Amino acid sequence: MVRDSAGVSIVENDAPAPDSRLPWEFGTQPSLSIGAVDSGEADQLFQVTDATRLPDGRIVIANSGSNELRAFNADGSHAATWGGRGEGPGEFVSYSPTVVASWPGDSIAAVNPWGTRLSLFDADGNHGRDVPLDASLLNVVDLLPDGNIFTSGSGGLRRNMTGSSGLVRSNAEWEILDADGTLLASLGEFPGSEFYAIFAPDGSLEGGMPHPFGRGTMGAVWGKLVAIGVQDSYEIKAFATDGSLVRTVRRAGDLESPAQADLDEYYARRYADLPDEDRISNLNAVRDMPLVESWPAFSEILSDRAGYLWVREYRTAAWTVFDPEGRVQGLIETPPDLRTFEIGEDYILGWVYDELGVEYVQLWSLSREIPS
């Protein structure tokens with residue numbers, strides 16, 4: 001059901017049947033896999049954070065372990081390496097780049113959050129300029145087709161906060177910046193991830209850790225809009241670049257709550273391979289971890305280059321696909337264990353690692369045709 005409320009379209013969807021699937025098909029094997037064991041070459045990847053496919057078929061990988069962008073030809077051969085560790089123009093500091101994407105004018109943009117800048121390269125990898133970023137906006141969610149920048153605040157806990165041990169959440173500001181890094185629109189504050197905070201007897205914050213089932217806020221670029229969803233409910237809001245709310249998309253479905261057995265099983269599995277002393281110490285550290293009110297309503301939001309919104313179901317490989325107007329089309333499962341970076345009209349690009357921890361960036365074909 002679609003209705004209008006003061007110029008905002010509200011799309012109410014039924015949940016697709018759990019066993020239903022869209023008649024779209026992925027290839028049975030990746031059409032391209034980039035990665036190697038101890039090659040000592042550019043295809044030996046380390047701490048990949050993102051990848052994008054350029055219009056000419058090249059794939060650019062953000063290899064944050066070496067602070068580089070690595071470009072590969074359409075056949076998987078290494079084309080060039082850009083960037084490197086440092087603080088100079090076109091260089092990246094630790095754990096960067098975090099996001100890589102096409103930029104208007106056949107350019108390529110890479111996010112250097114700890115260097116508080118966005119670095120721009122031409123199609124041949126020559127550094128053009130840097131866009132300064134506010135240090136409080138360390139999380140660049142994604143880049144819009146027109147060059148605007150979708151960001152959220154870090155939402156970190158304040159070290160001077162006081163209280164009693166338990167679950168806490170800090171709000172973070174979500175914003176859109178223009179291509180020069182200037183604030184274009186504020187989208188408001190949204191809750192960060194649920195965090196188990198441990199306070200000292202005097203009430204000061206002593207430490208803590210994210211809750212393994214904690215809810216937070218997800219975001220993605222959706223065509224010319226940006227989509228934001230708080231995981232407490234199955235509702236996603238789409239905003240224009242001027243900050244106005246354009247669309248609210250909802251999907252029916254009851255949210256179940258985790259039980260203590262789920263939490264116990266999670267930590268038993270997580271610490272199972274540790275030596276006895278370390279395992280017991282870690283289990284003691286989480287023995288007072290409270291339960292969250294409900295499982296997150298979803299785990300991830302992405303949009304594809306055809307304008308569809310993909311919302312991943314929590315703890316499964318299935319995604320609910322919405323059309324560009326926010327109407328449910330059905331469920332689809334992505335290739336197993338693939339962390340999805342980008343979805344094109346006829347491909348999906350993502351990252352996997354094997355039992356030895358070797359990393360691979362893979363391209364899979366995607367057919368949206370209905371089989372005859």
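The model is a predicted one, in which local features need pLDDT of at least 70 and side-chain atom pairs count only at pLDDT 80 or more, while totals for chains, interfaces and linings use all residues. Residues are numbered from 1 along each chain as its sequence is written, and side-chain values use heavy atoms, with hydrogens and water left out. Strands are DSSP runs of E with at least two residues, numbered from the N terminus.

Arg117, Ser119 and Phe121 point one way from β11, whereas Leu118 and Leu120 point the other way. Strand β10 (residues 107–112) runs antiparallel to β11 and is joined to it by 5 bridges, pairing being assigned where DSSP finds at least two bridges between two strands. Ala110 stands opposite Ser119, and Thr116, in the turn of the hairpin that β10 and β11 form with 4 residues between them, has a positive phi of about 50°. On β12 (residues 127–132), which is antiparallel to β11 and also linked to it by 5 bridges, the bridge partner of Ser119 is Asp130.

Ser96 lies in the loop between β8 (78–83) and β9 (100–103) and is buried, with a relative accessible area of 0%. The side chains of Ser96 and Asn112 are joined by a polar contact of 3.2 Å (a pair of N or O atoms within 3.5 Å; within protein, one must be able to donate a hydrogen and the other to accept it, and residues adjacent in sequence count only if both atoms are side-chain atoms).

Notes:
Buried < 20%, exposed > 50% of the residue type's maximum accessible area, 1.4 Å probe, protein only.
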